[in-house]
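Me: I am new to reading protein models, and I would like to go through this one step by step. Could you answer some questions about it for me?

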Amino acid sequence: MLRTNDVITFGWQAIKGYRARTLLMLLAMSIGVASVLMLTSLGEGARQYVRGEFASLGTNLVIVIPGRSETAGAGLGTMTGVTPRDLTLADAKALTRNPNVVHTAPLNVGAAEVSWQSRKREVTVMGSNSDLLKIRHWTLARGKFLPNTDWDRATPVCVIGSKIRDEIFGAHNAMGQWIRLGQNRYRVIGILASEGRSIGIDVGEVVIIPVASAQSLFNVPSLFRIFIEVKSRAAIPKVIKFTQDTIRARHQGEEDVTVITQDAVLATFDRILGALTYAVGGIAAISLVVAGILIMNVMLVAVSQRTAEIGLLKALGASTREIILLILVEALLLSSIGGVIGLIIGQLGSWGIRVALPDLQAYPPTWAVVTSFLVAITTGALFSLLPARKASKLDPVIALSKR
Amino acid sequence: MAMIKLENIHRNFQVGDQVVHALDDINIDIQQGEYVSIMGPSGSGKSTLLNLIGLLDHPSSGAYYLNDRNVTELNELEEAQARNKNIGFVFQSFHLVPRLTAAQNIELPLVFAGIAPDIRNKKVEKALAGLSLTDRAQHKPEQLSGGQRQRVAIARATITEPSVLLADEPTGNLDQKSGHDVMKTLEDLNKRGITLIMVTHDVVLADRSPRSIKMIDGRIESDITDQTSHATHE
């Protein structure tokens, strides 16, 4: 019987002996593996990117929305015709009384006309408090944010978005100017630097005033949202419970608010992008299978080119099983070398993606690295079974008669 | 008891709707250490006979005893082992593995026998030295002359010390000088006890052997043992 070492040596000699064939098969295998790695690293990078973007919006955020989104059946509300209670500033204040709550920002949103001298513009007005800046991770271009005073105090100050500043004040200095919103006047104490959208509102086109000022401006006692930033991720469920309990206690046993977390939204995105990565990886895996089929074809050609050799090996005393073993080990060696080269190319490619797109943390996930390598080896072995069986069945007389 | 004993051997091939009798009722006894040449025109069945003796082909009917063992009943694995242990092949076109060196080619039968590398190396070294090929050990077949290639093939065929050496037109692809060298090598081996069976259509070569079997149309036309023939060519 053949020794293991000799089988490997024989395969290695065959790989070295047929350069063109070896090169072709290594190319096919390595491209297959490398494409799996690079595509999954792109998917993974996109997932991490979205995660990061959400984190910049404020992590560990709990949002309280008035009204219930669930159908509770014939509850007390439906029986008595009582509509959900408003979310009030007092409710928001009650929610601060928990050690896990870091920041709490009540929010009122409305539209109003802003004017300064002869210029007018329709803007979105947000009524909130000093915590909003921290919760939303905004930055200021100039001045200060809303003062940290009693929430009930309707101080006549405002912070404006960068676009408002450009359109209303133009070349003039906006700081310290009094602008008019509806019937009231507010002094500009800060200008936001941040751009982009936040909870569906263009940050550049917003005017932020104290929440009490907004309530009097729009003449509403209720709040649109309450943002709560929680100390840690682990404390989120506790805070949700605390929020529901507090609101129920304050609303005569009626839990008429919806509490959502940023986490829930993030998890949805995470799932979508994770599925996308798997899908892309699956598509790339097809290229691996194609590489396997190529290996089969090349091995079939190799077998027919080497009929004389296989016939000779039989004449020298190789059994059918030994011939199969030799061809199989040769294919396994080839596909694992191809796999390793593919892993190297794939890692280099992912590095290239990271250099080209620094925002994307494009590292191939471990499952992709492991599976692509295993798939490469198994397809290599599987698809060379057919040529190996063909080789082993060769009639040595006919094989040797080729001169 | 003869070392090789063929009894009523038939070998039929199906060609289209015709059955060709490549071997038609062959009966031969060959003793240990004999030197036999098999002659005949092409298509006379001499190569088929050689392949059959070499366990590469199977008879359609009849019995073949090799060292008193009915080898027509062996399974595939036993057959491979019997080939490895008992039979050496020398082909007209050498059949060296092109990617392997002379030494690696000679080593192959020992590899299939599962012999340890250090023992293999010693045997290969000895075989190379015996055929004055030591300085060619690391050469690939393409770097060797025809005569050297055939001597490498002979070294490979004899490395497992088989009892029978089968040569199919061993000088067919060689010039006269190399052909003579190869014949000398084969006959030297025969003198040292190996049974040499050679297929040829060259009358001069066939005359060198003490025993000459002539075949026509799958039948033995004549089987002559001439005690003087070998001596005349010494």
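**Where the two chains meet**

Reply: Let us begin with the contact between the chains of this predicted model, which takes 22 residues from chain A and 24 residues from chain B.

Me: Which helix gives the most residues to the side of chain A that touches chain B?

Reply: On that side of chain A, at least two residues each come from α1 (4–17), α10 (307–315), α11 (320–356) and α13 (396–401) of chain A. With 5 residues, the helix that gives the most to the side of chain A touching chain B is α10(A).

Me: How many residues of the side of chain A that touches chain B are nonpolar?

Reply: Sorted by class, the side of chain A that touches chain B includes 5 polar and 6 charged residues. The remaining class on this side of chain A is the nonpolar one, and its count is 11.

Me: Which element of chain A has the lowest mean pLDDT?

Reply: Chain A as a whole averages a pLDDT of 84, and 93% of its residues score at least 70. Among the elements of chain A, strand β5 (residues 157–160) has the highest mean, 94. The element of chain A with the lowest mean pLDDT, 47, is helix α3 (residues 76–80).

Me: Are α5(B) and α6(B) roughly parallel or roughly antiparallel to each other?

Reply: Helix α5 (residues 146–158) and helix α6 (residues 176–191) of chain B pack with their axes 9 Å apart, at an angle of about 15 degrees. Angles under 35 degrees count as roughly parallel, and therefore α5(B) and α6(B) are described as roughly parallel.

Me: What residues of α6(B) make the contact with α5(B)?

Reply: The crossing of these two helices, α5(B) and α6(B), is right-handed. From α5(B), the contact is made by B:G146, B:G147, B:Q150, B:R151, B:I154 and B:T158. From α6(B), the residues that make the contact are B:S178, B:D181, B:V182, B:T185, B:L186 and B:L189.

Me: Which residue of β4(B) is the bridge partner of B:E7?

Reply: In chain B, 4 strands form an open sheet with antiparallel pairing, in the order β2-β1-β4-β5, and its edge strands are β2 (18–30) and β5 (69–70). Within this sheet, strand β1 (residues 4–15) of chain B is joined by 5 bridges to strand β4 (residues 61–66) of chain B. The bridge partner of B:E7 in β4(B) is B:A63.

Key: Residues numbered from 1 in each chain as written. Chains lettered and ligands numbered in written order. Predicted model: local features only at pLDDT ≥ 70, side-chain atom pairs only at ≥ 80, totals over all residues. Contact = placed C-beta atoms within 7 Å. Nonpolar A, V, L, I, M, F, W, Y, C, P; charged D, E, K, R; others polar. pLDDT = per-residue confidence, 0-100. Axes fitted to C-alpha atoms, helices over the stretch in contact; angles between N-to-C directions. Parallel < 35°, antiparallel > 145°, perpendicular 65-115°, else oblique. Left-handed = near helix turned anticlockwise from the far one by under 90°. Pairing = 2+ DSSP bridges.
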